[in-house]
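Please open the model in a viewer and follow the stops below in order.

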Amino acid sequence: MVEKMKVAVLGTGMVGRAHAARLSEIGVDVIMGTGDIEKTMASTKQDAMGNPPFNAWYKEHAQITVERFSNAARHGEVAINALSGAAAVSVLRSIEGDLEDKILIDISVPLDFSFGFPPRLSVCNDNSLGEEIQKALPRVKVVKTLNTITAPLQVDATAAGGGDHTNFVAGNDPAARARVAALLREWYGWADSIDLGDITNARGTEMYIALWVRLLGPLRTPMFNVKIVK
């Protein structure tokens, strides 16, 4: 049985929609956060990946409440950062008080498409977006995870390889890392999550995107992942 709890999903793009829909489906009390509710609901534009506008998706998921970022963060016992990498730090800093002492599951990647495709990373090597978020929110327990996997697979591990593949968690709080790994197993079926240690290890999982985007061509699908064996 899924634990009864309140979860805030911050962001209304493809990743946020995938998590909100799945959590709602399994009975979690989920609320989505956005910067401007009216603008989000009124938009008729597809996103950069060709996904339908939010209002088209929402017609099929009207049971999910949509609120401003601060209200959503205040509601959630746990929050999921499904914001774009470019917006994540500024948005999250603005609602730090509403996230204080809570776990923030950080899925974002600092993608930079200014030079075209494949994207570069705006932060890498000796830093990471996960670290920048933790620095900006010192009273929040940031746990980096799931950013090496496409959104539909993030929320259903069984959708590739029967679920026999690997996820990673990184964060400064060991109890928070363990809690996130347990939640991902319960919510999404992730039986194999490797604990990498502190948030500096987000450098590795974020830089993995360079390989991930180059696998899209030969594999002709985003529904893939790695399995760590030894």
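Begin with the largest pocket of this predicted model, which holds about 1500 Å³ of space. Colouring the lining of the largest pocket by class gives 27 nonpolar, 15 polar and five charged residues.

The next stop concerns aromatic rings. The structure holds four aromatic pairs. Select Phe-54 and Trp-57: their ring centres are 5.4 Å apart and their planes meet at 40°, so the pair is tilted, since a plane angle under 30 degrees would be needed for a stacked pair. Phe-54 and Trp-57 stand three residues apart in helix α3, and are therefore separated by about one helical turn. Both Phe-54 and Trp-57 are buried.

Move on to Trp-212 and Phe-224. Here the ring centres are 5.3 Å apart with the planes at 25°, so Trp-212 and Phe-224 form a stacked pair. This pair links distant parts of the chain, with Trp-212 in helix α11 and Phe-224 in the segment after α11, 12 residues apart. Trp-212 and Phe-224 are both buried.

Now select Phe-115 together with Arg-120. Arg-120 lies over the face of Phe-115, at 3.8 Å from the ring centre. Then display the backbone of Phe-117 and Pro-118, which are joined by a cis peptide bond with omega of about 0°. Pro-118 is placed in the loop between β6 (111-112) and β7 (120-121).

Asp-101 sits in the loop between α6 (96-99) and β5 (103-106). With a relative accessible area of 56%, Asp-101 is exposed, because the cut-off for exposed is over 50%. Finally, select Asn-125, a residue other than glycine whose phi is also positive, near 65°. Asn-125 is found in the loop between β7 and α7 (129-136). Asn-125 is exposed, with a relative accessible area of 56%.

Definitions and conventions. Residues are numbered from 1 along each chain as its sequence is written. This is a predicted model: local features need pLDDT of at least 70, side-chain atom pairs count only at pLDDT 80 or more; totals for chains, interfaces and linings use all residues. Side-chain values use heavy atoms; hydrogens and water are left out. Helices (H or I, at least four residues) and strands (E, at least two) are DSSP runs, numbered from the N terminus. Buried means under 20% relative accessible area, exposed over 50%, partly exposed in between (1.4 Å probe, protein chains only). On a 1 Å grid over the protein atoms alone, a cavity is a set of points where a 1.4 Å probe fits but cannot get out, and a pocket is an open set with protein on both sides within 12 Å along at least five of seven lines; lining residues have an atom within 4 Å of a point. Grid points are joined across faces, edges and corners, and a volume is the space filled by probe spheres set on the points. Ala, Val, Leu, Ile, Met, Phe, Trp, Tyr, Cys and Pro count as nonpolar, Asp, Glu, Lys and Arg as charged, and the others, Gly among them, as polar. Rings of Phe, Tyr and Trp (its six-membered ring) pair if their centres lie within 6.5 Å; planes under 30 degrees apart count as stacked, over 60 as edge-to-face and the rest as tilted. A charge sits over a ring if NZ of Lys or CZ of Arg is within 6 Å of the ring centre and within 35 degrees of the ring normal.
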